[in-house]
Amino acid sequence: MAITQRLSVDEFLALPAEEPALELEPDGTVIQKVSPQGQHSRLQHAVCERVNRFAESRRLALAFPELRVIFGGAAYVPDVSVFRWERIPRTSEGDVGNVFEAAPDLAIEIVSPEQSTNALVRRCVWYVDNGVERALLVDPADRSVLRFAAGAAPRAQRFDEALDFGTVLPSFRLTAAELFGALRLP
């Protein structure tokens, strides 16, 4: 979908849903996500499954795949958004809400083959500048995870190094090698 004019958040949210999802950049530009491929989908599932297995029973946080988050004048759909338990929007009945109008605590983007890594780096920087505690950029091509945090230089994590989920999941342990190990089938 090509939209030549800049849109406000309200104008963007009034657009019909599309697949892959549309996103609204902070400058009002509308872009369409890249369709995920096999490795991307597998890594996305692995992150969500591992985080939720650890955090949900402890009521620490939940990981959501492809969740639209509206904050900072933008509407993005990170590959994985992690929200602390107490920050998850709820209905009056206590169910998970549908609209998330806050920055996730952790945002994870996974590079697809036809995506611009620089565009995703800029997005991760924007996330952290706009209230996300940690942003992780997962690159299956070189088996690395680039970590972004406020007040710190980006840091590449590889091999057996534990990924840093900050205060969102302080005792959660997942190494880069374990994450990328999800790509290998038995």
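Entry 1, the largest pocket. I found 23 residues lining the largest pocket, and E25, I31, A119, L120 and R123 lie nearest its centre. I took a pocket as an open set of points on a 1 Å grid over the protein atoms alone, where a 1.4 Å probe fits, with protein on both sides within 12 Å along at least five of seven lines; lining residues have an atom within 4 Å of a point. The model is predicted: local features need pLDDT of at least 70, side-chain atom pairs count only at pLDDT 80 or more, and totals for chains, interfaces and linings use all residues. Residues are numbered from 1 along each chain as its sequence is written, and side-chain values use heavy atoms, with hydrogens and water left out.

I read its volume as about 370 Å³, a volume being the space filled by probe spheres set on the points, which are joined across faces, edges and corners. I sorted the lining by class and got nine nonpolar, six polar and eight charged residues (nonpolar is Ala, Val, Leu, Ile, Met, Phe, Trp, Tyr, Cys and Pro; charged is Asp, Glu, Lys and Arg; the others, Gly among them, are polar).

Which element gives the most to the lining of the largest pocket? It is α3, with five residues; β2 (30–32) and β7 (106–110) each supply at least two. I used DSSP runs, numbered from the N terminus: helices are H or I of at least four residues, strands E of at least two. The 13 residues of α3 (117–129) should span 18 Å at 1.5 Å a residue, and the end C-alpha atoms are 18 Å apart, so the two agree. The expected span is 1.5 Å times one less than the number of residues. In α3 I noted L120, R123, C124, W126, Y127 and V128 as buried (under 20% relative accessible area, 1.4 Å probe, protein chains only). Just after α3, G131 takes a positive phi of about 105°.

E23 is found in strand β1 (22–24) and counts as buried because its relative accessibility is 2%.

I list its lining as V47, I108, L136, V138, V145, L163, F165, L174 and L179. A cavity is a set of points where the probe fits but cannot get out. Its volume is about 40 Å³.

How values were computed. Buried means under 20% relative accessible area, exposed over 50%, partly exposed in between (1.4 Å probe, protein chains only).
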